[in-house]
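I opened this entry to look at how the chain is packed. My notes follow in the order I looked things up.

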Amino acid sequence: MKKGNVQKNILLVCILLAVNILSGCSKGGVDTETVTEKKKIVIGSDIISPYLYKDADGEFMGIDVEIATEALHRMGYEPEFKLIVWENKNKILEDGEVDCIWGCFSMNGREKKYRWAGPYLYSRQMVAVRMDSEIQKLKDLTGKMIAVQETSKAEEYFLRSDFEGIPDVSLVYCFSNMDEVFAALRKNYVEAICGHESALISFINTAPDEYRLLADSLFSTKIGVAFADEYDSGFVSLLEETLSGMLSDGTTEEIVEKYGLDAKRYLRRGE
């Protein structure tokens with residue numbers, strides 16, 4: 001074989017080897033982004049539509065699901081959503097079963113109980129009644145029976161007597177989740193229910209001719225992501241910065257409006 005042909009063959013082999021190596025990279029052979037799995041952040045919440053719920057296929061969806069997924073992806077993490085019993089949230093968080101509590105969680109009055117990222121949204125605590133109810137204003141709740149979710153801000157406000165402007169109801173029923181709260185009104189066990197405005201609207205939309213919201217809100221709340229005090233402060237700060245960036249670039253607004261909510265109301269106090 002001539003020397004020139006040997007050199008050509010050697011060059012051809014080198015080219016083929018280089019192509020194979022590059023092909024291997026493009027298929028993930030040495031691509032660290034593909035090989036290395038993103039670290040999971042376990043998020044604890046209960047069902048509270050439209051923030052976090054499951055679709056017909058059992059997949060998590062909702063405003064907070066989309067906000068959390070986008071924020072964590074920007075940070076290089078993967079969310080894992082875990083349903084919890086709401087009244088057990090503190091113990092679950094302290095035991096490390098979840099990294100954070102994220103599901104329309106009010107910061108008000110809890111600022112020192114957790115390490116917070118937020119607020120990234122605002123909400124209003126509202127009251128829903130049956131369409132034919134005599135209750136028209138908040139003051140009409142005086143002497144009435146009302147249902148709330150256990151350990152919620154609504155429970156705290158109605159069970160304490162030192163909050164200005166809160167009607168003196170006759171009885172407060174506390175339920176484990178909002179589905180049970182809705183059922184209490186549906187079955188006429190109570191005369192009114194209280195909770196986050198968007199959650200009540202979701203309930204009313206199931207039977208718009210049967211239920212209505214009172215015009216006035218009880219109070220406004222800041223919505224944030226709660227971590228245990230000892231959780232990595234650097235991570236929490238980065239999450240807060242990322243959530244702030246999503247507010248600035250319009251991502252959060254787009255997600256909120258996707259679920260039929262007025263972004264102007266939920267992105268600021270909206271009173």
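**Overall make-up**

I began with contact range: of the contacts in the protein chain between residues at least 6 apart in sequence, 74% join residues at least 24 apart. I note that this is a predicted model. I counted secondary structure next and found ten helices and eleven strands in the protein chain. Buried residues account for 45% of the 271 residues. I put the accessible surface of the protein chain at about 14,500 Å², and carbon and sulfur atoms hold 50% of it.

**The main core**

I then looked for nonpolar cores. The largest has 36 residues. Which residues have the most contacts inside it? They are Trp102 and Leu243. I listed the elements that give this core two or more residues: strands E1 (39-45), E5 (100-106), E6 and E11 (219-227), with helices H3 (63-75), H8, H9 and H10. H3 gives the largest share, seven residues.

I went through the surroundings of Trp102, leaving aside its neighbours within four places in sequence. Ile43, Gly44, Ser45 and Leu52 are in contact with Trp102.

**H8 against H9**

I returned to Leu243, which lies in H8. How do H8 and H9 pack? Helix H8 (residues 233-248) and helix H9 (residues 251-258) pack at an angle of about 70 degrees, and their axes are 4 Å apart. An angle of 65 to 115 degrees counts as roughly perpendicular, so H8 is roughly perpendicular to H9. I checked the residues that meet: Leu243, Met246 and Leu247 from H8, and Thr251, Thr252 and Ile255 from H9. I sorted the residues of this contact into four nonpolar, two polar and no charged.

**H7 and its cover**

Last, I asked how many residues of helix H7 (residues 197-204) are buried. Six of its eight are, which leaves H7 mostly covered. The buried ones are Glu197, Ser198, Ala199, Leu200, Phe203 and Ile204. I looked up what covers them. The cover includes strands E6 (115-130), E9 (192-196) and E10 (211-213). Helices H6 (178-186) and H10 (263-266) also contribute to it. I marked E6 and H10 here, having already listed both as contributors to the 36-residue core.

Conventions. Residues numbered from 1 in each chain as written. Predicted model: local features only at pLDDT ≥ 70, side-chain atom pairs only at ≥ 80, totals over all residues. Heavy atoms only, no water. Buried < 20%, exposed > 50% of the residue type's maximum accessible area, 1.4 Å probe, protein only. Contact = heavy atoms within 4.5 Å. Areas by Shrake-Rupley, 256 points an atom, 1.4 Å probe, with all protein chains shown as cover. Axes fitted to C-alpha atoms, helices over the stretch in contact; angles between N-to-C directions. Parallel < 35°, antiparallel > 145°, perpendicular 65-115°, else oblique. Nonpolar A, V, L, I, M, F, W, Y, C, P; charged D, E, K, R; others polar. Core = buried A, V, L, I, M, F, W, Y, C linked by side-chain atoms within 4.5 Å.
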